[in-house]
Amino acid sequence: MAKELGRLLTAMITPFKADLSVDHAAAERLAAMLVADGSDGVVVSGTTGESPALSDDEKIELVRVIRKAIPRATVVAGTGSNDTHHSVKLSERAMKAGADALLAVVPYYNKPPQEGMYQHFKAISEVGPTIMYNIQGRTAINMTAATTLRCAELPGIVGVKEASGDIDQMGLVSAGKPSGFNIWSGDDSFTLPLMAVGGYGVICVVSHIAGRSMKRMIEAYLEADNETARRIHLGVLPVIRTLMTTAANPVPVKSALNAMGFPAGPFRLPLVPLTDDQLSSVMKVIDDAGSLITLKTGLKVA
């Protein structure tokens, strides 16, 4: 039986040192902190982890060190690209390095037909448990509900990270999915609405600083405590919005972590830090969220 991956997975940033090398010690510390703050595990080398600027060797080494840092939690490796052969080979290395599952994005730039998407995910899923990632805003093409459900019948496909922004599409996938196929929100703000139409959880960014709040919101919904779930959703929503709209992810969340005392480090080009005015605005929204920001004290602990 496949490992239960968890409802709350943090799409983890990749900390860098001043010389732009990967800071493995900071990555280990952050992964452990995230799990302690409510995450069931982490996604390594996803969009939030600046995956386009990481080499294959860096991605695999991150899987290894994070696996050691959180031995009982889930480690999902971002291994998708717009080259199926490359994705398969990287996936093989990630599984050997200790990943529990793979996260593979719809191929970007190529704009493949739906059949191409199916064959792409089929090939990757033969390597290990695979979560597909549908995000038209970054790939330029949407994977339809019909293709998602077709892929869902493949034994190695365990779910989809849905960031289409289309709740109707998510509902159609939920209505037709087989047992054991899970839908994670790829947009933090869609977590509660998606769960209301049959979604499973979220692959999350705001959980870097509000993990316990996001965990409690999910638990409250499952307990039919809709008032608590709604209160947390509405309270965290301004933070989610500022992290997603001030600049492209992961610039706001990584800048905020640095400002809060965690050594997230610089960005690799072409990403650049927030301006002083942008950072001030983001930090005000975070400060206004008060106790919903559950990791703000822990970030300063050595």
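Colleague: Of the contacts between residues at least 6 apart in sequence, what share joins residues at least 24 apart?
Modeller: That share is 71% in the protein chain. Keep in mind that this is a predicted model.

Colleague: Okay. How many helices and strands are there?
Modeller: The protein chain has 12 helices and 8 strands. Its radius of gyration is 18 Å, close to the 19 Å from the globule rule for 302 residues, so the chain is as compact as a globular protein of that length.

Colleague: What box do the C-alpha atoms fill?
Modeller: Roughly 45 × 45 × 35 Å, taken along the principal axes.

Colleague: And what percentage of the residues is buried?
Modeller: Buried residues account for 54% of the 302. As for surface, the chain exposes about 12,300 Å², and 54% of that area comes from carbon and sulfur atoms.

Colleague: Switching to charges. How many positive and negative side chains are there?
Modeller: There are 29 positive and 30 negative ones, and the centres of the two sets lie 3 Å apart.

Colleague: How many salt bridges does the structure hold?
Modeller: It holds 14. The general idea is that side chains of opposite charge can pair when their charged atoms come close.

Colleague: Let's take Arg 67. Which residue does it form a salt bridge with?
Modeller: Its partner is Asp 100, with the closest N and O atoms 2.7 Å apart. Arg 67 sits in helix 2, residues 56-69, while Asp 100 is in the loop between helix 3 (84-97) and strand 4 (101-105), so the pair ties together parts that are 33 residues apart in sequence.

Colleague: Is Arg 67 buried or exposed?
Modeller: Arg 67 is buried, at 15% relative accessible area. Asp 100 is buried too, at 18%.

Colleague: What about Glu 126, which side chain does it meet in a salt bridge?
Modeller: That would be Lys 122, at 3.0 Å from N to O. Glu 126 counts as exposed, with 58% relative accessibility. Lys 122 counts as partly exposed, at 29%.

Colleague: And Asp 225, what does its side chain meet?
Modeller: Asp 225 has a salt bridge to Arg 216, with an N to O distance of 3.8 Å. Asp 225 is partly exposed at 26% relative accessible area, and Arg 216 is partly exposed at 30%.

Colleague: How about the bond from Leu 269 to Pro 270, cis or trans?
Modeller: The Leu 269 to Pro 270 bond is cis, with omega near 20°. Pro 270 is in the loop between helix 11 and helix 12, the latter being residues 276-288.

Colleague: What's phi at Lys 111?
Modeller: Phi at Lys 111 is about 55°, which is positive although the residue is not a glycine. You'll find Lys 111 in the loop between strand 4 and helix 4 (114-125). Lys 111 is exposed, with a relative accessible area of 52%.

Colleague: And Ala 224, what is its phi?
Modeller: Near 65°, again a positive value in a residue other than glycine. Ala 224 belongs to the loop between helix 9 (207-222) and helix 10. At 59% relative accessibility, Ala 224 counts as exposed.

Colleague: One last residue. Where is Ala 69 found?
Modeller: Ala 69 is in helix 2. It counts as partly exposed, with 25% relative accessibility.

Colleague: Which residues does Ala 69 touch, not counting those up to four places away in sequence?
Modeller: On that count, Ala 69 touches Glu 28 and Ala 32.

Colleague: And how many Å apart are Ala 69 and Leu 8?
Modeller: They are 18 Å apart in space, C-alpha to C-alpha, and 61 residues apart in sequence.

Note on methods: Residues numbered from 1 in each chain as written. Predicted model: local features only at pLDDT ≥ 70, side-chain atom pairs only at ≥ 80, totals over all residues. Heavy atoms only, no water. Helix = DSSP H or I, 4+ residues; strand = E, 2+ residues; numbered from the N terminus. Rg over C-alpha atoms; globule rule 2.2 N^0.38 Å. Buried < 20%, exposed > 50% of the residue type's maximum accessible area, 1.4 Å probe, protein only. Contact = heavy atoms within 4.5 Å. Areas by Shrake-Rupley, 256 points an atom, 1.4 Å probe, with all protein chains shown as cover. Lys, Arg positive; Asp, Glu negative; His and termini not counted. Charge placed at Lys NZ, Arg CZ, Asp CG, Glu CD. Salt bridge = Lys/Arg side-chain N within 4 Å of Asp/Glu carboxyl O.
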